[in-house]
Protein chains: 2
Amino acid sequence: MAKKEKLMVIPLGGLGEIGKNMTVIQYGNDIIVIDAGLSFPDDDMFGIDLVIPDMSYLIENRDKVRAVVITHGHEDHIGSLAYLLNEVNVPVYATKLVCGLIEGKLKENHITNYKLNEVQHGDEVQIGCMKVGFIRTNHSIPDASALYFKTPVGTIVHTGDFKIDLTPVDGQPMDIHKFADLGRRGVLLLMSDSTNAERPGYTESETTVGHAFRKAFRAATGRIILATFASNISRIQQAINTAVQFKRKVTVLGRSMVNNVQIAIELGYLNVPDGVLIEPDELGRYPDDQVLILTTGSQGEPMAGLSRMASNNHRSVSIMPGDTVIISATPIPGNEMGVSRTIDNLMKLGANVVAGRDKKIHVSGHASQEELKLMLDLIRPKYFIPVHGEYRMLKQHGDLAVQMGVEKSHVLIGDNGQIFEFSNRSGNKAGRVNAGRVFVDGLGVGDVGNIVIRDRQQLAMEGVVIVVMTLAKGTSHALAGPDIVSRGFVYVRDSEELISEAHDRVAAVLERCEAGNIREWAVIKSQVRDTLSRYLYEKTKRRPMILPIIMEV
Amino acid sequence: MAKKEKLMVIPLGGLGEIGKNMTVIQYGNDIIVIDAGLSFPDDDMFGIDLVIPDMSYLIENRDKVRAVVITHGHEDHIGSLAYLLNEVNVPVYATKLVCGLIEGKLKENHITNYKLNEVQHGDEVQIGCMKVGFIRTNHSIPDASALYFKTPVGTIVHTGDFKIDLTPVDGQPMDIHKFADLGRRGVLLLMSDSTNAERPGYTESETTVGHAFRKAFRAATGRIILATFASNISRIQQAINTAVQFKRKVTVLGRSMVNNVQIAIELGYLNVPDGVLIEPDELGRYPDDQVLILTTGSQGEPMAGLSRMASNNHRSVSIMPGDTVIISATPIPGNEMGVSRTIDNLMKLGANVVAGRDKKIHVSGHASQEELKLMLDLIRPKYFIPVHGEYRMLKQHGDLAVQMGVEKSHVLIGDNGQIFEFSNRSGNKAGRVNAGRVFVDGLGVGDVGNIVIRDRQQLAMEGVVIVVMTLAKGTSHALAGPDIVSRGFVYVRDSEELISEAHDRVAAVLERCEAGNIREWAVIKSQVRDTLSRYLYEKTKRRPMILPIIMEV
């Protein structure tokens with residue numbers, strides 16, 4: 001039993017990145033998974049739709065996996081749950097709204113035999129040899145939880161994504177007392193959200209956005225179009241409250257916004273007075289200054305509502321001078337250009353655009369340094385693993401922990417796949433498991449890997465030049481071809497000379513092969529490729545992918 | 001002569017964008033071009049190296065073009081000069097350092113018969129029917145100029161890129177008196193830099209960065225690696241001054257940094273005491289705390305010095321714990337992710353990284369709102385065209401001009417290709433000329449256009465599937481094939497079944513064609529493409545480019 005007395009914490013996603021959060025807590029034969037998130041592809045992951053964690057450790061140990069516990073309903077925490085349950089169908093525990101959002105996701109993925117258990121904040125559930133508790137926190141989506149695990153070696157606290165909002169929109173502030181209580185009884189390990197670890201001070205309360213909304217609504221003389229994250233139910237509640245105050249009807253556009261609003265209303269997380277919501281086709285019945293349009297696209301996503309409006313390409317809304325567009329979000333890193341382009345296009349169409357943190361039209365959902373320090377002080381953990389952040393954020397959060405009295409050698413910074421091992425008196429890094437990115441492209445999960453991506457990158461840069469030749473069986477005598485076909489390389493119409501000379505060079509290679517009695521396809525192909533590659537580079541300074549294809553008759 | 005009495009101002013680049021600045025000033029048969037810049041490709045312009053303005057208007061009117069006048073030596077102002085002179089070889093006027101930088105560029109592009117005229121601030125040159133004057137300004141590169149044009153209909157002032165730095169590093173503040181003098185005499189049109197039109201207040205003096213350098217140097221215990229823009233000679237001067245103060249030797253790495261430092265020293269724009277500069281291979285002779293390494297890569301460019309060091313891939317420098325890395329720049333929009341990744345990697349290697357505007361380690365080279373208002377007040381123009389900015393910046397700058405007393409209808413906001421027409425008493429938009437983006441890819445200028453880019457985008461997203469068939473002459477009877485070759489689509493090894501079924505479907509199409517006596521290649525190809533496309537989408541939800549190729553024996 002010596003080995004089994006150690007508790008293992010293994011992040012499979014979420015360290016060194018913001019996204020695809022997934023963490024394994026394992027004691028002996030009991031594995032509990034915290035969250036099952038996805039991330040969106042980087043710009044150089046051509047054609048990839050989603051990225052999910054490598055779950056092979058869980059698949060190999062599927063008989064040990066007891067449950068998945070979910071902290072909140074954001075994509076980077078629930079977006080790979082369908083893929084996980086497909087492989088390892090275990091019970092899932094989450095709060096009410098999170099369950100609602102998960103059910104939608106699982107249905108979309110045609111998963112039906114799931115075991116979804118609704119819990120409430122304050123609940124403590126026995127899973128295998130551990131007790132798991134759910135603590136109310138605040139975040140940019142309601143019903144978020146921190147988790148604690150009472151394990152045989154001590155208590156672990158995982159904050160989930162959080163901020164400390166003392167005046168949240170739903171009137172339900174974080175359960176600070178529970179954290180204090182856990183801290184007083186002694187916590188072995190704290191894992192805490194590092195997203196804003198570089199940001200000094202406190203994150204503003206969500207209600208401050210309400211003030212900004214009222215200011216913007218007061219100034220607006222025409223229609224108001226408000227874009228925000230579809231999952232930010234509190235933000236949407238504030239938009240609706242402000243609309244009610246200014247006697248505007250509200251219509252909701254964009255699939256995810258419509259879905260989330262519907263789920264939130266059904267489950268009681270969004271209160272909309274009767275008669276406020278109208279259908280998009282009813283818009284025409286109301287004067288411009290009595291209308292609020294809620295929509296998606298606050299990140300400049302090309303297919304989302306606001307982006308379509310900005311490019312004058314939306315089914316039911318055309319932007320006109322006099323419209324006020326409120327973008328209640330800041331660009332997620334990587335989306336800056338898309339958002340700028342959207343704003344520019346909206347302004348060109350005559351809209352007045354209100355956006356950006358300066359105007360207090362958005363606040364973060366993640367704790368800043370003072371809140372992180374407060375959490376560290378409440379919990380006073382023996383060991384600390386900063387999670388949910390890029391390396392520099394984890395590092396900075398680690399420094400904060402040391403400031404708050406955690407022993408420097410007890411701050412454990414790692415990356416995905418790292419095994420952290422704990423007894424009731426020790427904690428350290430100990431080996432690794434497989435971890436990494438699995439690409440989802442269309443229906444394929446993992447069938448596009450680095451080689452395919454590298455091919456796509458080369459194709460993207462300089463296109464492809466295909467050389468086809470039909471050879472007489474067993475010879476290098478060309479019966480037809482060489483024919484040269486290119487895509488993404490040059491305008492063929494303007495490059496006839498280049499292509500014709502390329503053709504002659506390949507023909508000469510074939511003649512030399514025939515004369516030299518060279519018949520191995522691999523040799524012929526490689527000579528064709530080398531000759532053509534050299535010639536094209538010399539003439540164009542480009543290196544397209546060159547694909548010689550031989551047929552034989 | 002009625003038509004000719006109008007002065008035309010035609011921006012060919014730089015409106016609605018930051019980049020590829022180029023503006024035409026035309027009166028009758030006299031054309032003067034302001035700047036000839038380039039821009040860097042957006043993420044979706046696959047494989048493109050550079051983007052330059054569409055110069056067809058100048059090429060069509062080449063007999064009228066009298067000169068190019070250059071405001072300063074940044075790429076977005078001189079980077080397409082070689083391409084312009086290749087087509088229209090006219091005299092170029094610029095200040096000394098700018099001439100030095102241009103000569104380097106032209107040599108790289110094998111252009112030798114250029115006519116480069118060095119001017120000094122305060123000079124006034126007669127070009128065609130206009131007098132062109134050069135006024136000293138401050139910017140993030142020394143020797144920057146604003147320009148004025150005394151034309152038959154009135155005076156035009158173009159600020160170039162500027163800030164008002166009252167304590168510049170080279171001790172040469174902007175010639176505010178000259179602007180005041182021009183304003184007093186009456187200015188018909190002002191064109192002014194809009195980059196920071198959204199930023200309130202004043203832009204900090206370049207010398208404030210010196211204080212931040214001293215603070216960072218004081219704290220550093222090991223080597224210091226400092227990355228900044230290679231063209232920011234004043235920044236480099238301050239780094240060298242600080243190194244001298246802290247008794248550190250300086251070595252310079254990175255081609256553009258080495259070139260610019262050399263040119264600046266030769267022309268007297270950079271003062272380096274004897275014995276301070278050392279060669280990279282001498283680094284080993286000095287203790288870590290006596291070394292400063294100046295390098296490129298402040299924008300996270302993958303091939304630049306700092307990025308190579310961050311990915312542990314630099315020829316002569318390996319980052320080690322104890323190194324201090326100063327990134328004296330903020331990410332240009334679009335580069336945020338690259339810079340973050342670089343910082344993360346440097347920190348993982350143990351470096352202490354000092355970066356970001358918060359630490360005052362970088363200041364902008366462009367005027368903020370109060371400076372822009374001061375410029376508007378100095379000049380008091382009758383008409384105003386905001387330039388050098390995306391639409392929202394131009395708009396905001398226009399609003400500032402109205403605040404400063406320019407009549408609202410005299411604020412002219414346009415885009416590239418817009419003709420602005422002026423008499424001595426009127427100014428308005430009047431028609432358009434061709435303007436747009438010309439892509440440079442390798443040696444090709446303009447041979448990659450939208451079709452090629454669209455092909456590259458499709459190739460990038462889902463790869464290519466090639467179907468080759470050798471048919472018996474005049475029939476649709478397959479003598480060889482169909483063979484299916486794919487790249488960037490799926491791992492072929494894991495998808496044998498998919499490819500084999502695809503093969504059978506294509507073979508069936510060919511059999512049907514043969515049975516139906518269909519011999520037209522276009523018909524056969526389109527049936528193959530449709531069948532394969534449908535099958536692959538159904539199985540994978542992907543749409544690769546499908547290329548049927550027929551040969552005939």
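Modeller: A term to begin with: a salt bridge is a side-chain nitrogen of Lys or Arg within 4 Å of a carboxyl oxygen of Asp or Glu. The side chains of A:Asp344 and B:Arg392 meet in one, at 3.0 Å from N to O. This is a predicted model, where local features need pLDDT of at least 70 and side-chain atom pairs count only at pLDDT 80 or more, while totals for chains, interfaces and linings use all residues. Residues are numbered from 1 along each chain as its sequence is written, and side-chain values use heavy atoms, without hydrogens and water.

Colleague: How many salt bridges are there between chain B and chain A?
Modeller: The count is six.

Colleague: And what area is buried between them?
Modeller: About 5300 Å², with carbon and sulfur atoms giving 64% of that. Buried area is the accessible area (1.4 Å probe) that two parts lose on being put together, summed over both. In contact, meaning heavy atoms within 4.5 Å, are 62 residues of chain B and 62 residues of chain A.

Colleague: Switching topic: which residues carry the UniProt "binding site" annotation?
Modeller: The unreviewed UniProt entry lists A:His72, A:His74, A:Asp76, A:His77, A:His139, A:Asp161 and A:His388. Such annotations may be inferred rather than shown by experiment.

Colleague: Where does A:His77 lie?
Modeller: A:His77 is in helix α2 of chain A, residues 75-78. Helices here are DSSP runs (H or I, at least four residues), numbered from the N terminus.

Technical notes
Chains lettered and ligands numbered in written order. Helix = DSSP H or I, 4+ residues; strand = E, 2+ residues; numbered from the N terminus.
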